[in-house]
Structure formats: structure tokens, C-alpha cells
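I opened my notebook to look up a few things in this model.

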Amino acid sequence: VNFPRIVELEGQKLILPYGRGRHGGDESRLSAFSEDEGRTWTNCPKDSPWNDNVQTSGILGYLQDETIAYIDVFPLEMGDWKGFKSPWYRNYVADPSWRLRRFSKTGDLLEDATFHVSGLPWKEAAYYCYGDLLDFGDGELFTALGAQVPGGESETGSIRITTFFVRSRDNGKSFTYVAHIPPELDGEPFGPEGFNEPTLARLPDGELICVMRTGGYSPLYQVRSSDNGNTWSVPVSTGWPAAKPALRLLSNGVLACSSGRGSYGHPQVTHAMFSIDGRGEKWETPFIFHTGPGCSYTSNMERDGLFYVAFSDSSFTRPQDSYDMPYQSIKWAVLRVEKDESK
């Protein structure tokens, strides 16, 4: 079991969508629920909407009207994770339509709709989405997606994914392209993957920060915007390698980012890094809480002053002769994050 995603409902209720298997047609997307903040779990019924392709990939948002929004990983034209040829970044489409679902804070499905993004600068591209949906109020939603245009794959096998930003002013019925982070720096292709798997956070002063993956072993990079996402700074390194970052501004003002790194056939290093200034201007050395098999992807939440990070301890990375796993599991790392006010 792999790719955990924690979804927070009302009270002590949680939903845990997760994956079983590896990338490919034999995967399944399942979910479990807890009524005691994750101490015990029960499988969701087979017909539960949370079993319908909800995963740690895709975009999740907690909206001001107390609904929970989820945008599927791929446009409808690309099919689901079983329906398209692998890898995803060779599945080019024009004018993609995206599926957005809304759930109540009790976990009931309220709406299942689609939307388009107007103003896309590419005639066609392969699209995907990871990360966060931000609610700015008055029907304005904001998020980051990823795209690779035809010809973006190099002869060496590296890819050039672009992170781009979109905005809705009608509460998610439609979105408009705003800006993108090209997969180049100083005019040269950047890193093995460009900029992808973005995660967003809005800081107390209104500034936006976006942290992005650049490869399995290469550093995370970040950009920031002080004008509500219209323009973005030049990407700079956080200093630490990882995949699938997940940002969260903690109640004590510390900015946290859980993630992991590694590649198939190798142990994963799963960790959390913290910016004490709460802005990502400086990231402390990551705190490592798991070294071994797993998928490197995490999900996190904060409860009662504690920082919870869900991660997998499983043989996803293979080869199996390297990891003779007696069980497959998803685990918590529970961290107490405090500032030393004496300094």
C-alpha cells in the first residue's frame, strides 16, 4: 500500500485514500475512514465516492464554505490511471476538461462537475495536477498544475515539466490561466524534470509560496508571489532534495514541508523540513523519520499542536529481492514542532 492522503473531516473524522500496487493497470485506489483521529481505521464501502480515484495526487482544498474540493490528477481526455498509455507526459490533449468534486465536512459527495481552463498558452500538452486549492474568498480560487508540451522529452530521457497557475472567480465553475514557471533557468533546460509536483501556501501577509519537485534526487525549488499570483520570482533552491513536497503553515508560525526522496530499487528517505521564520527564506536541515522502502509521497495535518505526517513503509520501489517485506503499511510520524523563544 502506498501514496497516502489524509483528508480532514469534521470532529475526529478522517478519510485516508491510498493506492495498492505500483504504477500501471493493476493499481487500485482505495480509502479508509477513521472516527478517532486515526487511531483505528475501517475500509470505506466499495461504492464510496472516496474510492473513485481520489489519491495523494490531484488537488485538494478546504474551502471557506466548509466544503472540501478535489480535482482529479489528469484531464478527462487522458483517461484515469488505468486508461492512458504510460508515461503520462506523452498523452497530449488540446483544451482539456478537469473533474472537480465537492464533499461536505462529513464526507458526503455534494457535486461532481467539470471545468475548462481558458487562455492556456499551449495548443496541446500533457497535463497533470498535484497539490493545493487555495480559497481567497468571494468565489476566487487559485491553484497550480503541471504541463509538458510535445518535444519536452530529451534524448537522455529527462523531461521538462512546466508548473502553471490558474484562477477561478466563479467558485470553480471555470478557471483562467495566470502565469507559468518555465522549465529553464538562464535559457538552459533545468534539472531532470523541470518544475513539477507544486505545493502552495498563503502566508499571513498574503504572499504566496510554491515549492516544486525537480527530480528524484535533485533539490526542491521554490518561487513566491507578492501580487496574488500574477507574477512570480525566479526559482531558487531550498537546498534539500525531495519529491512530492507538501506545505503546511503551522499554528505557531513555522512553515513545514513533508516529502521524501529516492528512486526505484533504492531505499527512500522520508522527512520533514521546517522554516522557523515562517516564510521559507531559510529551511533547516530536514528531520528524517523513515529510511527504507516506500513511495516517498507524504500527506500531513496538524492536530492539538502536533504535526502528523502519513507515509508508506512498503516494497513499492522494488526489486522484491531487495525488500522481503513481511507486511505493507502506512504509518504516522507524529512530531512536536516548537520554537526556542529563548534565543
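Before anything else, one term: a residue counts as buried when its relative accessible area is under 20%. I also note that this is a predicted model.

**Entry 1: cysteines**

How many disulfides does the structure hold? I looked and the count is 0. C210 is in no disulfide, and the nearest cysteine sulfur, that of C257, is 11 Å away. A reminder to myself: a disulfide is a covalent bond between the sulfur atoms of two cysteines. For the cut-off, the sulfur atoms have to be within 2.5 Å.

Next I checked accessibility. C257 has a relative accessible area of 0%, so I put it down as buried. C210 also comes out at 0%, so that one is buried too.

**Entry 2**

Four strands make an open sheet here, in the order β20-β21-β22-β23, and the pairing is antiparallel. Which strands stand at the edges? They are β20 (243-249) and β23 (287-292); each has a single partner strand, so one side of each has no neighbour in the sheet. From one strand to the next, the twist averages 15°.

Then I went through the pairings. β20 and β21 run antiparallel and are joined by 5 bridges. In that pairing, L247 has C257 of β21 as its bridge partner. β21 (residues 255-261) is joined to β22 (residues 268-275) by 7 bridges, again antiparallel. On that side, the bridge partner of C257 is M273 in β22.

Is β20 mostly covered or mostly open? It is mostly covered, with 5 of its 7 residues buried. I looked at the turn as well: the hairpin of β20 and β21 has 5 residues between the strands, and G253 takes a positive phi near 95° there.

**Entry 3: rings**

I counted the aromatic pairs and got 24. One of them is F274 with F307, an edge-to-face pair at 6.0 Å centre to centre, with 70° between the planes. This pair links distant parts of the chain: F274 is in strand β22, F307 is in strand β25 (residues 306-313), and they are 33 residues apart.

Elsewhere, a charge sits over a ring: R202 lies over the face of F136, 4.0 Å from the ring centre.

**Entry 4: R102**

My last stop was an arginine. Where is R102? I found it in strand β7 (residues 97-103). R102 has 8% relative accessibility, so it counts as buried even though it is an arginine. I then listed what R102 touches, leaving out residues up to four places away in sequence. Among its contacts are L63, T67, I68 and A69, and also D108, E111, L141 and N171.

Definitions and conventions
Residues are numbered from 1 along each chain as its sequence is written. This is a predicted model: local features need pLDDT of at least 70, side-chain atom pairs count only at pLDDT 80 or more; totals for chains, interfaces and linings use all residues. Side-chain values use heavy atoms; hydrogens and water are left out. Buried means under 20% relative accessible area, exposed over 50%, partly exposed in between (1.4 Å probe, protein chains only). Contact means heavy atoms within 4.5 Å. Two strands pair if DSSP finds at least two bridges between them. Axes are lines fitted to C-alpha atoms, for helices over the stretch in contact, and angles run from 0 to 180 degrees between N-to-C directions. Rings of Phe, Tyr and Trp (its six-membered ring) pair if their centres lie within 6.5 Å; planes under 30 degrees apart count as stacked, over 60 as edge-to-face and the rest as tilted. A charge sits over a ring if NZ of Lys or CZ of Arg is within 6 Å of the ring centre and within 35 degrees of the ring normal.
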